[in-house]
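User: I would like to learn how to read a protein model feature by feature, with the general idea given before the particular case. Could we go through one together?

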Amino acid sequence: MPVEKWIWEQVEAIISSNARLSMALTGGGSELASWLLNHPGASSLVAEVQIPYHPKALEAYLDAPGPHRVELETGRAMAAQAFARTSALVKGDSPVIGLGCTAALATKRVRRGEDRACLAMRTSEEYHFYNLNFAKGALDRLAQEDALSRFALNALAQACHSPGFEPREWPPGMEISTQNIAVVAPLEQLLRGEVQIAEMDLQGRWSTAAERQGRVLFPGSFNPLHQGHIELAAAAQRLADSPLHLEISVENVDKPALAYREILGRLEQVKGLFPVVLSRAATFAQKVQFLPGSLFVIGCDTAVRIFDSKYYPAGEAGREKALGQLVSAGVRFLVAGRFFDGAYKTLKDVQIPEKYSSLFDELPQSVFRRDISSTEVRKIASAGK
């Protein structure tokens, strides 16, 4: 069946850009692969096409446990992996593009949420993100697939800086949102597990060669950063008489892992205020493996959780093992009072076995007290909308 003229011309323009491309597609976008591969010049453009359709196949492709939902972070991870594979396969000066597409198109089974697709492209400098939502019943499965593939082809042409041959309009019932975000290679390395920590300084410069020993670290999610955080950090830094870094783990014991765009959003609010250390370590026992001898600034509620066996997979035995690792690593905790469970509590309210008491020092109320939390700040912000 002949390909429409504008599709053929767009493919030729992409090929003439001298780019090298790898794609990963799941749930939709297969027509895009067909259009590119059926062109006589495809071998000079396409390095690889992967279609990890089964959930386990997608886990294997991303080398990360699922579930990998139809969302921009999944598309980003697919695009990042495609980019890395292209870079490894193809040597030379050609610009490299990794394209990831995850979709939930019209189906016979009942599905929660809209029919949708998330497309991401990773170039050497930027991520290009596209959210496509299809109104229920506006397009059947084949029409959604065709619209998604056409849109992806056009977006790819733009990423290749090729002349656009965009159709006059996209089908009715198809809503599109876009976003471009800079590539931060050290953050990508951290998310892929290639490095243990990444660090951003006050000016927003990144490094993976951070000092490991004897840091003063203030761990938290900082969602959002508020005045209580700022004042606590200042008080702790004065008391420790040493520079303080915020510490953010991209993974969490009881919450989903942070997405790339979410991490950058949280970092943007602290740029110019605090340097930041990022890790994949969700627990203190994990953190001290590569940050020994550190002083961690925490709230009293966190100190309580350190001794709560429910946060340890092996229960009390796991807790004792983890606490022993903290002692061996020579870390200490500077504990600030917090208002939680209906009362203001300090280190004195935490039941600490004598053998672990040397791990903890109190930050006096005379030095710092602020009865506010990120949860309260989010509630106030939400109520004001």
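User: In this predicted model, what span should the 14 residues of helix α7 have at 1.5 Å a residue, and how far apart are its end C-alpha atoms?

Analyst: The expected span of a helix is 1.5 Å times one less than its number of residues. For helix α7, which covers residues 227-240, that gives 20 Å, and the end C-alpha atoms are 20 Å apart, so the two values agree.

User: Which residues of α7 are buried, and how are they arranged around the axis?

Analyst: The general idea is that an α-helix has 3.6 residues a turn, so residues three or four places apart point the same way. In this case the buried residues of α7 are Gly-228, His-229, Leu-232, Ala-233, Ala-235 and Ala-236. They cover an arc of only 165 degrees around the axis, and therefore lie on the same side of α7.

User: What follows α7, and is that residue buried or exposed?

Analyst: The residue after α7 is Asp-241, with a positive phi near 55 degrees, and its place is in the loop between α7 and β10. With a relative accessibility of 69%, Asp-241 counts as exposed, because the cut-off for that word is over 50%. A positive phi in a residue other than glycine is also found at Asp-63, again near 55 degrees; Asp-63 belongs to the loop between α3 and α4 and is exposed, with a relative accessible area of 68%.

User: Which strand is joined to β10, and by how many bridges?

Analyst: In general, strands of a sheet pair through backbone hydrogen bonds, either parallel or antiparallel. Here strand β9, residues 216-219, runs parallel to β10 and is joined to that strand by four bridges, with Leu-244 in β10 as the bridge partner of Val-216.

User: Which residues touch the most other members of the largest nonpolar core?

Analyst: The largest nonpolar core here has 44 residues, and Leu-244 and Leu-246 are the ones that touch the most other members. The element that gives the most to this core is helix α8, residues 260-270, which supplies five residues. If residues up to four places away in sequence are not counted, Leu-244 touches Val-216, Phe-218, Ala-233, Ala-236, Gln-237, Phe-274, Pro-275 and Val-297. There is also a second, separate core of 39 residues, and among its members are Val-11, Leu-21, Leu-36 and Ala-157.

User: In what order do the six strands of the open sheet lie, and which are its edge strands?

Analyst: The order is β2-β1-β3-β4-β5-β6, and the pairing is mixed. The edge strands, each of which pairs on one side only, are β2 (46-50) and β6 (174-182), and the twist from one strand to the next averages 10 degrees. Within this sheet, strand β1 (residues 20-26) and strand β3 (residues 96-104) run parallel and are joined by seven bridges, where Arg-20 has Val-96 in β3 as its bridge partner. Helix α2, residues 30-37, packs on the sheet and touches β1, β2 and β3, its direction making about 150 degrees with that of β1.

User: Is Thr-74 buried or exposed, and with which residues is it in contact?

Analyst: Thr-74, which lies in helix α4 (residues 72-89), is buried because its relative accessible area is 4%, under the 20% cut-off. Leaving aside neighbours within four places in sequence, Thr-74 is in contact with Leu-58, His-68, Arg-69 and Thr-102.

Key
Residues are numbered from 1 along each chain as its sequence is written. This is a predicted model: local features need pLDDT of at least 70, side-chain atom pairs count only at pLDDT 80 or more; totals for chains, interfaces and linings use all residues. Side-chain values use heavy atoms; hydrogens and water are left out. A nonpolar core is a set of buried Ala, Val, Leu, Ile, Met, Phe, Trp, Tyr and Cys residues joined through side-chain atoms within 4.5 Å. Buried means under 20% relative accessible area, exposed over 50%, partly exposed in between (1.4 Å probe, protein chains only). Helices (H or I, at least four residues) and strands (E, at least two) are DSSP runs, numbered from the N terminus. Contact means heavy atoms within 4.5 Å. Two strands pair if DSSP finds at least two bridges between them. Axes are lines fitted to C-alpha atoms, for helices over the stretch in contact, and angles run from 0 to 180 degrees between N-to-C directions. The arc is that of the directions from the helix axis to the C-beta atoms.
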